Amino acid sequence: MAGIGIWLMFSGCETTLELPTNDLPKLTIISHLTSNGSKSQRVYVYASQSPSDSSSFVIPDNLDVEVTELETDYSTTLELTSEDNETFFKFPEGFLKEGFSYTISAYAPGFEGIHATTVIPKPSTIANLEISDFKIEPSTKNEFKNIVRYTLTFDINHFESNRYYHLVFYNQYDGFDNAFLVDPELSDDQPFVHHYDFGILIDRNDLEPGEPLTFHFVDWVVGDHDLNQVFVELRTITQEYYRYHSTLARQLIIRQDPFAEPVTIYNNIEGGYGNFSGFSPDISSSYLPQ
């Protein structure tokens, strides 16, 4: 069980990117906007010939980052901030709102100006969350562990034309304040993309209308740390978010196959690199059946 707090789900900084480059460095933007969670109030802007690792970026001198809310035409200049051993630009408190569109622009001397546009979508919601086939069995390899098996089923109430989703699953155990990420067992007949870090990516067009989603889990518990509660976070995401994360996931997969066709990471930053996209979370939970 790799511990992670619930709000850590809203991390805005990604890892590996492989994109066509030239000899001149360009500005890169990485930001996934939501109106909830402090981590997603962050914008990472740095200079690179290829945005390969956002944990070691270089921020140019005299870098200006401006964001405009398109519905009101209100613009604000973001302030450079350092926190949690990271340096980033931060949105003002309460600035980001569901259903609103935003354009971001970045400029620095010696670099081409870059810009991108996205929206924070109105969220779809989870309904009829149920846990079934719950079983606890002693581990055959470690006497101090118990293996937990269960099935989750639920429906998605799609808000209007929402199409793309990122499902994240995490569990709460007795004796721990934090929740822990878990991933379902996916079969070959499920048309979902396994996110490279956590959860799965879903295209609504791949779903059977009227059919609930079903996922099988295998987890384990130790001592008195029984599984207490399961959480499902449904992120309603923009097309830019889906294409970026799904192409990145596919690229990491094909690295295991020397004969696979290369995958180009989706980029929606005009004049530069990276991803500027939005999402809105809806979180549902259920206690274990008694």
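A nonpolar core is a set of buried Ala, Val, Leu, Ile, Met, Phe, Trp, Tyr and Cys residues joined through side-chain atoms within 4.5 Å. Buried means under 20% relative accessible area, exposed over 50%, partly exposed in between (1.4 Å probe, protein chains only).

**View 1. The largest nonpolar core.** This core has 27 residues. Y150, L152, F154, L167, F169, L213 and F215 have the most contacts inside it. Elements giving two or more residues include β10 (125-138), β12 (164-173) and β16 (213-222). Strand β11 gives the most, with 5 residues. Strands are DSSP runs (E, at least two residues), numbered from the N terminus.

**View 2. The surroundings of F215.** Neighbours within four places in sequence are left aside. The contacts (heavy atoms within 4.5 Å) of F215 include Y150, L152, F154, L167 and F169. Among the others are P184, Q190 and I200.

**View 3. I114 in strand β9.** Strand β9 spans residues 114-119 and holds I114. I114 counts as buried because its relative accessibility is 1%. Beyond four places in sequence, I114 touches residues including L27, I29, A106, I269 and G272. The C-alpha atoms of I114 and Y273 are separated by 8.7 Å, at 159 residues apart along the chain.

**All views. Model and confidence.** This is a predicted model; local features need pLDDT of at least 70, side-chain atom pairs count only at pLDDT 80 or more, and totals for chains, interfaces and linings use all residues. Residues are numbered from 1 along each chain as its sequence is written, and side-chain values use heavy atoms, without hydrogens and water. The average pLDDT (the predictor's confidence in each residue, from 0 to 100) is 86.

How values were computed
Helices (H or I, at least four residues) and strands (E, at least two) are DSSP runs, numbered from the N terminus.
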